[in-house]
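Welcome! Take a look at the sequence and the model, then read on.

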Amino acid sequence: MTALPRGETPGSPAADDDSVVAAPSAAVPAPPAGDEGHDGAEGPTTADDAETSPGDGEAAEADTGTDGTNAADGAVDGAAAPAPLSEAEAELAAQRELRERIEKRRAEKESPIAAGAKLSGKAADLLAAVRAVESGEKPATAFFDSPAPSASRRTAPAPAPVRPRVPEPAPAPQGASPEAVTSAAAVLAEGRAPGELAGPAAEVLGAQAAEILREDPWQLLAVPGVRPEQADGFARALLGAQCGPDDERRTSALVGWLLERAALQGHTVLDATAVGAALAERSVTDPEAAVQHAVAEGVVLVFQDGQDDRHDQESAAPAESAEPGENAEAGAADPAAQEPVQVLLGLDRYALAEESLADGLARLVNACEKDADWTEAASAAGSPSAAELISAVAAHGLVAHTGGEAARAEPAALITAARGLGLRALGAAHSADGRRRLAEAVGDPSAAVTLAGLLSGAEGPGRDEEGAIAVDLLVLLDAPQLDVETGAALVESLADGARLVLSGDPGVLGSAGAGRVFADVLAARACPQTVSRTPDPGPIGELVSGIGIGELNQVAAPGKEVVIVPVRDAGEAVHRTVQLVADSVPRAIGVPSSDTQVITVGHGGSAGTRALNAALKQRLNPGPGRFGGFDPGDRVVHVPAPGRTVPGVVVSADAEGLHLDCAGTKAVVPQERVESSVRHGWALTAHQAAGMRWPAVVVVLPGDAAQGLSRPWVYTAFSRGERHLSVVHGVDQALPRAVAQPPAQDRTTRLRTLLETPAQ
């Protein structure tokens, strides 16, 4: 549980004064060794935990004095010191002050305590009981015969007023000062590096970029897109004979660069052996020493998860009957005891995110009211799978739900049922298209938001006075698209007592950011899991279901729901794709070109997104590209942040930037960000298309795409079409081989281990 600073109790001024509550994102140093609060029940200590009481008045009373201190110990008012009080008198005074504060706070509240803002009711009673038992104040048996408090039905809160949306420029990173850019450009010129790197270098390294680069030229690797050989050339030009492959500045920068590049591939950590091998390939003669230096310098963190647990278990094993030396001999004979411990290296941002996420999920598991009676709501559900999900959520604070597209009706039924019980229930999707589909399923647009909009405050009910999202139940759809940093931010934004449901299809591609949150939660079995028994309908659903188990079956498609178009080469693939989008699909299927999406393996190549978009623009919306390569009417995708793909249509351009219409929402992309964040969108990659669906989809598989195919890729691409799927097929037997190959765990993370490790 979260420990209060010594000298403060929940009734102390620091705990009650709302004016000193820090922002929820403010970092708080971890408590010192030996402090309470590391049992994993409530997750990481936040600013709110340190400065506010952990629950309502009853919970606060139960927590008073558990650490051997009282409010009188920490009260300093600056007045003349009164006559010394006895210990009993001080305790009575502290309790009286605490009761007065509790009554005052209750009187100020004009509405019932919002569930999720603070613990209340039975959850608060349980928390108080646990603290009383842990402190030794009462024996555990004292609570066995306690009567259960009557459950009071909370009235549904009034819907929040809809805030008008106004077009706003897309958020841009804080630019570097002209002076910093000029200074950095001078150093880059001295090292014969491209001058266009000056701006990015100043943004990444800050105002002292010039000094940093002059002192450590390999810091240029921190600039996106710079490779080690380019940084080596820059360093040789600046340092001359002082430059060498084993320079500690070089090896440390290389270690950090390897971890950053791994994060782009989804890893949060890497095996130290793999890092050493990569360093050896880059002429580092002593990779082990280089890794040790990088750890000592704080460039990366080192982890040996599980080693402490095994050591504790071995130390706790009874040894009374063992003869001297017997344990040593047994350990030497046991191959498991000889097994080397895996050493992992990670960047601090991802390590902290995974640990914060694991702690936050454990807090949600333990902090909610677990005996809520939702029997009537479950019995009224439209399907057995929906009833099972509702029953699981009623009894648990964290639930995982898996299923295909048709299974999204079950989270929608859960949201409807929870709102009928007076709870503030909300669904969050990865994309605006997912938000639209969820809102249609629930029948209430206010019940669905995008995850990015919810976290930024642009969508949803907003946050309470403590900075927590004002919800009692949050259902996160498209959970496989959740990366660790976004997951940590989400969990930290949920108050004690809130319920979280992670729902998604485990067969699709993972998140664009680092981590595999949904897969790790499922693998760790950290919470109840409900598996939908609702199959996706139609020929496309049958085809995709077979792909999910490794079978590429022929399906009957009397309405031309699935069409295979064989091609011989990439040029023919592009030609047939344009023909399908512009003519065949609108004529034969009745889906216009604007509702047909092309999906291919990558951006480059003779049939990648660039080539396909150029050909499709020439046919569907020809023009000179007078707005930075774009014309009004062009289909585009806007990438406001890594991992977020927002489809839109170009409306116009002016001095403010490029104006887009993104599914009815206006967006303005500043001129300086158009080139880096806007692309034509007739053709996307499967990673970009994840979390979205279209009436018709054309999947392009040219011959050179065979190496990029996998079962998750095929599953994701083929399942994007609602009514029609055309496959431009040029990979021959590579497609069934990719489907038959079991998906491998291609990302190295620590979250599963953290979730499986019991709280100490």
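A helix axis here is a line fitted to C-alpha atoms over the stretch in contact, and the angle between two axes runs from 0 to 180 degrees between N-to-C directions. With that in hand, the axes of helix 11 (residues 248-264) and helix 12 (residues 272-281) come within 10 Å and cross at roughly 125°. Please keep in mind that this is a predicted model.

**The chain as a whole**

- The chain holds 32 helices and 19 strands.
- Of its 760 residues, 46% are buried.
- Among contacts in the chain with a separation of 6 or more, 73% come from residues 24 or more positions apart.

**Helix 11 and helix 12**

- How are these two helices set relative to each other? Angles from 65 to 115 degrees count as roughly perpendicular and those over 145 as roughly antiparallel, and the crossing is at roughly 125°, so helix 11 and helix 12 are oblique to each other.
- The crossing of helix 11 past helix 12 is right-handed.
- On the helix 11 side, Thr251, Leu254, Val255, Leu258 and Leu259 make the contact, and helix 12 brings Val275, Ala278 and Leu279 to meet them.
- Sorted by class, the residues of this contact are seven nonpolar, one polar and no charged.

**Helix 17 and helix 23**

- The axes of helix 17 (residues 348-367) and helix 23 (residues 484-492) come within 8 Å and cross at roughly 40°.
- Angles under 35 degrees would count as roughly parallel; helix 17 and helix 23 are therefore oblique to each other.
- Helix 17 passes helix 23 in a left-handed crossing.
- Helix 17 contributes residues including Arg349, Tyr350, Ala353, Glu354 and Leu357, while those from helix 23 include Val484, Glu485, Ala488 and Val491.
- This contact is made up of eight nonpolar, three polar and five charged residues.

**Salt bridges**

- How many salt bridges does a search of the whole structure find? The search finds 25, and a few of them are described here.
- Arg424 and Asp472 join their side chains in a salt bridge, with 3.0 Å from N to O. The two residues are 48 residues apart: Arg424 sits in the loop between helix 20 (409-420) and strand 5 (425-429), and Asp472 in the loop between helix 22 (451-456) and strand 7 (473-476).
- Are these two partners buried or exposed? Residues under 20% relative accessible area count as buried, so Arg424 at 18% is buried, and so is Asp472 at 4%.
- Lys617 and Asp631 form another salt bridge, at 2.8 Å from N to O. Lys617 lies in helix 27 (residues 609-620) and Asp631 in the loop between helix 27 and strand 12 (635-638), so the pair ties together parts that are 14 residues apart in sequence. Both Lys617 and Asp631 are buried.
- Arg752 and Glu756 meet at 2.9 Å, N to O, in a salt bridge. Both residues belong to helix 32 (residues 751-756), where they are four residues apart, about one turn of the helix. Arg752 has 35% relative accessibility and so counts as partly exposed; Glu756, with a relative accessible area of 42%, is partly exposed too.
- Salt bridges with shared partners also link Glu405, Arg408, Asp433, Arg436, Arg437, Glu440 and Asp478 into one network.

Notes. Residues numbered from 1 in each chain as written. Predicted model: local features only at pLDDT ≥ 70, side-chain atom pairs only at ≥ 80, totals over all residues. Heavy atoms only, no water. Left-handed = near helix turned anticlockwise from the far one by under 90°. Contact = heavy atoms within 4.5 Å. Nonpolar A, V, L, I, M, F, W, Y, C, P; charged D, E, K, R; others polar. Salt bridge = Lys/Arg side-chain N within 4 Å of Asp/Glu carboxyl O. Buried < 20%, exposed > 50% of the residue type's maximum accessible area, 1.4 Å probe, protein only.
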